[in-house]
Amino acid sequence: MYRGNDAIALAIEKKDGILTAEQVKLSFDSVSGRLIKEAIKEGQEVKKGDIIMQLDSTDTDLSIEKTKAQIAQLDAQINSQNGAINVEYAMTDTQEVQTFNQIDQQKAAIASAQATYKNKQIDYNRKLQLLEVGAIAQSDLDDAKMALDVASADLAQQQEFLNQLLGGANDNANTQDINLPTINQQRQEIDNKLNDVEALIEQKKQLEVQLKELEVTKSRLTLYAPEDGKIIKILAKQGEMISANTPVVLLESNRRYYDIYISENQVANLAEGDTINGKSIANDLTVPGTIRLITQAPGFADLKQSREKGQADLSAFQIRIYTDDVEGLQTGMTIEVTDDEFTKR
């Protein structure tokens, strides 16, 4: 008689909540198109990773093939350019060696021309002395003078050939140490071609990024189940045009919870993360769960005007309990938590 059977007294002794499953709205992420495949039905159980729906990928497939062809074309151009550059480097190296050999040969030719000129100079000087004493005719001296002039011209010509080979470089004693300007210029021109190759490589990188974006876009054209659950409602039908980020399927997940309201005295011993046991009223199953949320309840849940039963006015707190997976437990069942779960702590 003291405790009574009214709602307030019962609410103090027992806490009931309806088992609710979290629902997930599935949509195509940032892509749109025509729905060509429905792989599920309402009420169907699905596993994480199962295909739910697919959009038409024809345009994306064509773009992927086009981008791959462009990348292959750039690969061919890069390989061709690199091959040509390697050949030009090899030809330049060969030309440098040949030029060094020609310089050595030309130096030998100059040395020979200098020796000839020296001999002709000696011969001329000797005949000039002989002419002065009347030992030879003037014609002999003229012939010697002509031979000396020819030798001088040949020496100058050989020196000019050497200057052409050097191309303005300093004539070092060691020919292999000569820095030939013409060879350096050729190498610089080849180095500039490497910049063209780098430009092609950057174009290829851009296309590779585009290809990855297209592949990501294609992957998004297929909608997969994000977790285990049940299909509650299909919001789009095959053949329809689907907009990006528009819900197309409602999935009931296996994450289930119920809410109960308790007094401030009872909440004092509870903390988020604590385990608590409930019991399903329908089939008397023990339902273990974890407190995920403790918050102040709306005013309607407070216990008011209960002093006649020895209770002062009490502020209520809402706690949300996520349940473990229990066989036989169905969404919508009523879960009851007795007062013992709070007093035993």
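Predicted model: local features only at pLDDT ≥ 70, side-chain atom pairs only at ≥ 80, totals over all residues.
**Cores and an aromatic pair**

Let me begin with Tyr-322, which is buried, with a relative accessible area of 11%, where buried means under 20% relative accessible area, exposed over 50% and partly exposed in between, for a 1.4 Å probe and protein chains only. Residues are numbered from 1 along each chain as its sequence is written, and side-chain values use heavy atoms, with hydrogens and water left out.

Which ring pairs with Tyr-322? The rings of Tyr-257 and Tyr-322 have centres 5.3 Å apart and planes at 35°, so the pair is tilted; rings of Phe, Tyr and Trp (its six-membered ring) pair if their centres lie within 6.5 Å, with planes under 30 degrees apart counted as stacked, over 60 as edge-to-face and the rest as tilted. Tyr-257 is buried as well, with a relative accessible area of 15%. The charged end of Arg-292 sits over the ring of Tyr-322, 3.9 Å from its centre, the rule being that NZ of Lys or CZ of Arg is within 6 Å of the ring centre and within 35 degrees of the ring normal.

Turning to the nonpolar cores, meaning sets of buried Ala, Val, Leu, Ile, Met, Phe, Trp, Tyr and Cys residues joined through side-chain atoms within 4.5 Å, the largest has 20 residues, and Phe-28, Ile-52 and Val-248 are among those with the most contacts inside it. Apart from this core lies another, of 17 residues, including Ile-262, Leu-270, Ile-319 and Phe-342.
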